[in-house]
Amino acid sequence: MKAAPFAYVRPAALDDVLAELADGNGKVLAGGQSLVPVLAMRLGRPATLVDIGSVAELGSLDRGAEVVRVGAGVRQRRLERSAEAGAVPLLGLALPFVGHRELRSRGTVCGSLAHADPAAELPAVASCLGATLEIAGPGGRRRVPAKEFFVGAMTTGVTPEEVLVGVEFPVAGAGEGFGFGEIARRHGDFALAGVVTRVRVGGDGAVTDARLTGFGISDRPVTSDVTSWLQDTTDEQRLRAATRELAEQVVDTGGDSHGSRGYRRRLFSVLAARELANAARKARA
Ligand SMILES: Cc1cc2nc3c(=O)[nH]c(=O)nc-3n(C[C@H](O)[C@H](O)[C@H](O)COP(=O)(O)OP(=O)(O)OC[C@H]3O[C@@H](n4cnc5c(N)ncnc54)[C@H](O)[C@@H]3O)c2cc1C
């Protein structure tokens, strides 16, 4: 199929992007890796595509003392290859699993967050780390924590009149370790199920904070505070009972031709125990 007719504009300033979106009938075009297939399948028929690729201020990638800030124009591959990504180890672990290298050369970090595919890696990373998303709209700018940003499958807190202008990922601190694992039918496919973990330990090696985010298991990333589990044990095999129980509660994606809900629960449970143990080991190293 071919896309329905649409107008195309490529403003050079953010104010002009917002003016083009003001009537609510436009759609932001970033890397086009998800939007163009949506248009081609006629699952969406926006009147105007507003290409943000020429807005210079959206192209910034900065590392501060506390956060790495990624502007909406930054492509996934640029972040993957950057020195800045080193300050946020989960980005380095997750980005190679976002589609294929060719897709990442066009797709943007914020485009993936705004698209909010339930099986996408970057929304899970943002959720696990407690990233902050910055949104610009007719009423000015607002900052939204990741846990409030993802509201359902392909649905976020960004309204049609607004633009996601950037995301801030917290820089990893001393005593933090991270884990990432996913199972997909082929490398580059969306995950059947995946997990992202962050574990923090004190000077004595005791776990003080542990987060586990699952993706591909529900309509959005699901983050659980599992600190109490890891205070008892960080042994992968001994964590399995708890992760099995959690899987029953949080994995609610229905079965499909790629796997049943029960299969996804097993994947989640195994990956979660493995990557929590991994993150704890790295945190203590
Ligand atoms: C074959 C294939 C395999 C893929 N595999 C994976 C995978 O394994 N994991 C994964 O995570 N992704 C995967 N993707 C998706 C890919 O990561 C996309 O790049 C990403 O989802 C969207 O980024 P984009 O910059 O291309 O956004 P676009 O396609 O340009 O936009 C996607 C949506 O987000 C909106 N949008 C984009 N930017 C903004 C913004 N700044 N403000 C407001 N709204 C915005 C658009 O309006 C649109 O609705 C795959 C895609 C393909 C085609």
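The shell around the ligand divides into 14 nonpolar, 12 polar and 3 charged residues. Here Ala, Val, Leu, Ile, Met, Phe, Trp, Tyr, Cys and Pro count as nonpolar, Asp, Glu, Lys and Arg as charged, and the others, Gly among them, as polar. This is a predicted model, in which local features need pLDDT of at least 70, side-chain atom pairs count only at pLDDT 80 or more, and totals for chains, interfaces and linings use all residues. Residues are numbered from 1 along each chain as its sequence is written, and side-chain values use heavy atoms, with hydrogens and water left out.

There are 29 residues around the ligand, and Val 28, Gly 32, Leu 35, Thr 108 and Glu 121 come nearest; to count as near, a residue needs a heavy atom within 4 Å of the molecule. Where do they come from? β2 (26-29), α6 (109-115) and β10 (163-170) each give at least two residues of the shell. The largest share, 4 residues, is from α6. Helices (H or I, at least four residues) and strands (E, at least two) are DSSP runs, numbered from the N terminus.

Now the polar contacts, meaning pairs of N or O atoms within 3.5 Å. A polar backbone atom of Leu 35 is 2.7 Å from an oxygen atom of the ligand. The side chain of Gln 76 has an N or O atom 3.4 Å from a ligand oxygen.

Last, salt bridges: a side-chain nitrogen of Lys or Arg within 4 Å of a carboxyl oxygen of Asp or Glu. The whole structure has 18. One of them joins the side chains of Arg 77 and Glu 80, at 3.2 Å, N to O. Both residues are in helix α3 (residues 76-81), and because they are 3 residues apart, about one helical turn separates them.

Note on methods: Polar contact = N/O pair within 3.5 Å; in protein donor to acceptor, adjacent residues only side chain to side chain.
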